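Morning, everyone. I'll take a few minutes on one structure, starting with a ligand and then moving to the aromatic rings. Please have a look at it first.

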Amino acid sequence: MKNKCILITGGAGFIGSHVVRNFVTNYPETQIVNLDLLTYAGNLENLRDIENAPNYRFEKGDISDEAFISKLFDKYPIDGIIHLAAESHVDRSITNPMEFIRTNILGTVVLLNHAKQSWQGNFEDKLFYHISTDEVYGSLGNTGLFTEETAYDPKSPYSASKASSDHLVRAYYNTYGLPIVISNCSNNYGPNQFPEKLLPLAINNIKNMKPIPIYGKGDNIRDWLFVKDHASAIEQIFNDGKTGETYNIGGNNEWTNLDLIHLLCKILDEKLNREPGTSASLISFVKDRAGHDKRYAIDSTKIQEALNWEPSLQFEEGLEITVDWYLKNQKWMERIVSGAYQEYYKTMYDNR
Ligand code: NAD
Ligand code: DAU
């Protein structure tokens, strides 16, 4: 990686911020360019500790903006791309699918085209790494696991847009020989997650004694993985993954939403010195998500065997670290919830 230049898209978001930090810290002789539009989900506070590192650059821009991406490829000698930028929230995709089509599909194609143009004739030591989701496989019944061979069957506008982008990435490999790799991961949890997603939303509501909205009966199942374990899998795949391959990443850690929230309530009762049962009394069953996928669960045998990767943390341990982080970083949460973080961006970047 010495003297290389890696473009990471979506690096100010939840997972991207952990990936950027790993690469900036672990590869000081590699230039890391973080390209992020700073939508509502992007937050430069997530990267404050590394923003002055000599091998780090931030570029604010839209992956679907041809002219901007063209200039970016002229400005930096990009060797590798780790593409995380996306609209990521299923509920938003149900109310506003168009933004998902623009960013997740068109944006990915703009990046693929520029990588192809810029690397034409010399694909050696180049890589387009596309970060995707297990939701492309659709929904499981009570048994079975998603493998890399599971047929795509996306159900929501979000998962359909991610499935489409996965197909396009593979099409550039098959048609033009663009060196690509794809990984599909299960639900992440941990520090820096935007509080529209179940866990940070619930932690914030419990802390403030507000209702915890549970969709339907709370019997939908997700397979949870600590975000730093996902970031380490991404680093390993980027370094050692086989070109053209797909890797599934999961925590082997299935929970119904209701059981998960009960565990969270127990942890928070203890940490906030509340009577047992106080937080759980906030659970409120609400209207179900339209087309709500019943169950996701990943078979990560391939990445375990091929790259020797496995989750480093037990779930209870990861959840406790996560709860502690949100309790300690209340200002981070308050700035997001109040919208004040937009001001931070303005002072940091818009007036430069
Ligand atoms: P996030 O919503 O927290 O972050 C997305 C980032 O992309 C934000 O910083 C945002 O500003 C940026 N962005 C959005 N549109 C952009 C555009 N047009 N141009 C440039 N930047 C733009 O998302 P996340 O949860 O960190 O997910 C990151 C990636 O990982 C996504 O591709 C998602 O599909 C995938 N993924 C997420 C999970 C999960 O559990 N969160 C699991 C598997 C895969
Ligand atoms: O599986 C990977 C996917 O995980 C990623 O691709 C997505 O980007 C990420 O957002 C996540 O999708 P989910 O829809 O599974 O995550 P979310 O946190 O929105 O919801 C988790 C479960 O909790 C899901 O079954 C819906 C339910 N839920 C969610 C919210 C926000 C509730 O019951 N109440 C809520 O308020």
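How many nonpolar, polar and charged residues does the shell around ligand 2 have? Sorted by class, there are 9 nonpolar, 8 polar and 6 charged residues. Before I go on, keep in mind that this is a predicted model.

That shell has 23 residues, and those that come nearest to the ligand are Thr 133, Asp 134, Tyr 158, Arg 289 and His 292. Where do some of the others come from? Helix 6, residues 198-207, and strand 8, residues 212-215, each supply at least two residues of the shell. Strand 8 gives the largest share, with 3 residues.

Next, the polar contacts of ligand 2. Glu 135 has a polar side-chain atom 2.8 Å from an oxygen atom of the ligand. For Asn 187, a polar side-chain atom again lies 2.8 Å from an oxygen atom of ligand 2. Arg 222 has an N or O atom in its side chain, also 2.8 Å from a ligand oxygen. As for cover, ligand 2 on its own has 690 Å² of accessible area, and the protein covers 94% of that.

Now the rings. A pair of aromatic rings is described by the distance of the centres and the angle of the planes. Searching the whole structure gives 14 aromatic pairs. I'll show two of them.

One is Tyr 137 with Tyr 152, an edge-to-face pair with 5.5 Å between the centres and 85 degrees between the planes. These two tyrosines are 15 residues apart, and both sit in the loop between strand 5 (127-133) and helix 5 (157-176). Is Tyr 137 buried or exposed? Its relative accessibility is 3%, so Tyr 137 counts as buried.

The other pair is Tyr 172 and Tyr 176, which is tilted: 4.9 Å centre to centre and 55 degrees between the planes. Because they are 4 residues apart in helix 5, about one helical turn separates them. Tyr 172 is buried, at 9% relative accessible area, whereas Tyr 176 is partly exposed, at 41%. Tyr 176 also has Lys 116 over its face, 4.5 Å from the ring centre.

Back to Tyr 137 for a moment. Together with Phe 146, Tyr 152 and Tyr 296, Tyr 137 forms one aromatic cluster. Over the face of Tyr 296 lies Arg 222, at 3.9 Å from the ring centre.

Conventions: Residues are numbered from 1 along each chain as its sequence is written. Chains are lettered from A and ligands numbered from 1 in the order in which they are written. This is a predicted model: local features need pLDDT of at least 70, side-chain atom pairs count only at pLDDT 80 or more; totals for chains, interfaces and linings use all residues. Side-chain values use heavy atoms; hydrogens and water are left out. A residue is near a molecule or strand if one of its heavy atoms lies within 4 Å of it. A polar contact is a pair of N or O atoms within 3.5 Å; within protein, one must be able to donate a hydrogen and the other to accept it, and residues adjacent in sequence count only if both atoms are side-chain atoms. Accessible areas come from the Shrake-Rupley method with a 1.4 Å probe; for residues, only the protein chains shown count as cover. Ala, Val, Leu, Ile, Met, Phe, Trp, Tyr, Cys and Pro count as nonpolar, Asp, Glu, Lys and Arg as charged, and the others, Gly among them, as polar. Rings of Phe, Tyr and Trp (its six-membered ring) pair if their centres lie within 6.5 Å; planes under 30 degrees apart count as stacked, over 60 as edge-to-face and the rest as tilted. Buried means under 20% relative accessible area, exposed over 50%, partly exposed in between (1.4 Å probe, protein chains only). A charge sits over a ring if NZ of Lys or CZ of Arg is within 6 Å of the ring centre and within 35 degrees of the ring normal.
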